[in-house]
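Subject: Structure handover

Hello,

Here is the structure you asked to look at. Please open it beside this email and follow along.

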Amino acid sequence: MKEAGKTSRDLIDLGMANQSLLINGIFQARDQTDTTALKMEKIAERELLEMPGTLKNLAAERYALLPYNVLGLEKLRSVFDTDLQSKIVSAEFLKLTEAGHLLPDLKALVDELEKNSDSGLIMTMGKGGVGKTIVAASIATMLAHRGHTVLLTTTDPAAHIRNFMDQLTAIPEKLTIERIDPKIETKDYIDKIAAQKGKHLDEEGKKLLREDLQSPCTEEVAVFHAFSKAIQSARRRFVVMDTAPTGHTLLLLDTTGSYHKEIMKNMAVSPSKITTPYMMLQDGVFAKILLVALPETTPMREAEALQKDLQRAGIVPYAWVINECLSAVNDLKDPLLRKRASAEVPIIDHIAAHLSKRAFEIPYIAEEKLLPAILSRYDDAVIQAT
């Protein structure tokens with residue numbers, strides 16, 4: 001809702017005020033004895049009531065959460081055909097099967113990440129909206145609670161890390177939170193270069209230098225320097241990096257790779273004595289890439305495509321984290337949720353069997369303050385403190 005509100009305001013500022021709002025996946029509980037379903041419904045109702053004012057003024061259409069994924073022509077048509085939708089829903093409920101599987105949880109993942117190490121780079125990657133930020137925030141906080149020095153940082157322009165961290169009553173002493181902000185990094189980089197190269201220039205020369213530094217590639221170089229600095233610092237502490245959605249991440253990695261090639265081409269010293277940021281990302285012991293996905297077909301395929309892109313660059317993901325798994329929730333009674341849970345099982349099984357040697361799951365947690373809810377479930381330090 002916040003991102004949609006921001007987008008709406010940006011478009012209005014550009015003179016594009018002819019807007020309408022489509023709200024997808026609205027959940028209504030069918031079983032009033034299912035506590036998870038009732039919590040989900042309450043959260044959805046609150047979000048709709050508290051949507052940004054810009055959105056409240058728009059003509060809106062609402063679409064219900066369905067017990068099936070919208071794949072194939074008939075199910076695609078059902079989005080706008082309520083009679084067909086009812087027919088498919090009835091048929092889906094008749095085919096209801098129990099969800100049955102169990103993957104290691106987030107605590108098991110953190111156990112592995114800290115095994116025999118108190119430093120290293122941990123990066124969460126994936127498409128927008130799959131939960132990279134909450135996974136990064138949870139892992140960083142858990143590591144800090146276990147006594148490790150941790151930097152939690154993000155390259156995501158949306159930068160929702162603070163929204164999650166503000167849910168905590170206190171930030172662990174050993175946890176530092178930063179953001180690689182392209183605008184700030186570019187300004188700092190331009191100021192630094194202008195100070196270094198402008199020492200002996202007259203006013204006209206300084207003006208020309210600053211104009212030259214306003215080129216689009218300057219931002220790319222500035223962000224790369226901040227990115228590299230964070231990676232380098234992972235030699236002495238844990239650095240947990242919440243990356244931008246896939247396209248931005250691959251662009252950043254491509255820049256890192258280009259820098260790596262340029263360094264190797266121009267250095268007179270032996271390549272064996274050089275360690276570039278790109279080489280550090282390719283080091284599976286030092287850098288652990290976590291692909292975050294949802295237990296649905298499209299997010300799984302998108303994460304699989306990202307994995308192949310990374311592998312072509314010589315970067316092998318360490319593990320997959322499957323977020324918001326209804327199939328990992330105990331005692332579901334609501335038929336819609338049970339149907340969606342059963343549909344997750346073959347997808348999760350496929351990931352564990354064919355896409356990753358390590359797969360971990362996080363159940364769907366129907367709580368407004370998500371980070372404290374995850375920590376109370378998986379973080380022994382939090383349990384002891386309370």
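Predicted model: local features only at pLDDT ≥ 70, side-chain atom pairs only at ≥ 80, totals over all residues.

Residues are numbered from 1 along each chain as its sequence is written, and side-chain values use heavy atoms, with hydrogens and water left out.

The core

A nonpolar core here is a set of buried Ala, Val, Leu, Ile, Met, Phe, Trp, Tyr and Cys residues joined through side-chain atoms within 4.5 Å. Buried means under 20% relative accessible area, exposed means over 50%, and partly exposed is in between (1.4 Å probe, protein chains only). The largest nonpolar core has 39 residues, and Leu 109, Ile 139, Leu 152, Met 165 and Val 240 touch the most other members. Helix H7 (residues 132–145) gives the largest share of this core, nine residues. Helices (H or I, at least four residues) and strands (E, at least two) are DSSP runs, numbered from the N terminus. There is also a second, separate core of 32 residues, which includes Leu 151, Val 239, Tyr 278 and Ile 315.

Leu 152 has contacts (heavy atoms within 4.5 Å) that include Ala 136, Ala 140, Met 165 and Val 240, leaving out residues up to four places away in sequence.

Helix H7

How many of the 14 residues of H7 are buried? The count is 13, so the helix is largely enclosed by the rest of the structure. The expected span of a helix is 1.5 Å times one less than its number of residues. For H7 that gives 20 Å, and its end C-alpha atoms are 20 Å apart, which agrees. After H7 comes Gly 147, with a positive phi near 100°.

Salt bridges

A salt bridge is a side-chain nitrogen of Lys or Arg within 4 Å of a carboxyl oxygen of Asp or Glu. By this rule there are 16 salt bridges.

One of them joins Glu 367 and Lys 39, at 2.9 Å from N to O. Glu 367 lies in the loop between strand E9 (359–363) and helix H16 (370–378) and Lys 39 in helix H2 (residues 35–49), so the pair ties together parts that are 328 residues apart in sequence. Glu 367 is partly exposed at 35%, and Lys 39 is partly exposed at 40%.

Another joins Arg 358 and Glu 112, at 3.3 Å from N to O. Because Arg 358 lies in the loop between helix H15 (335–355) and E9, and Glu 112 in helix H6 (residues 106–114), this pair ties together parts that are 246 residues apart in sequence.

Within helix H14, Arg 301 and Glu 304 are three residues apart, about one helical turn, and their side chains meet in a salt bridge of 2.9 Å, N to O. Arg 301 is partly exposed at 43%, whereas Glu 304 is buried at 14%.

The surface patch

Leu 11, Leu 14 and Met 16 make a nonpolar surface patch of about 290 Å². Patches are made of residues with over 30% relative accessible area and no salt bridge, where like charges are joined within 9 Å and nonpolar side chains (Val, Leu, Ile, Met, Phe, Trp, Tyr) within 5 Å. Accessible areas come from the Shrake-Rupley method with a 1.4 Å probe, and for residues only the protein chains shown count as cover. Met 16 sits in the loop between helix H1 (2–13) and strand E1 (20–26).

Regards
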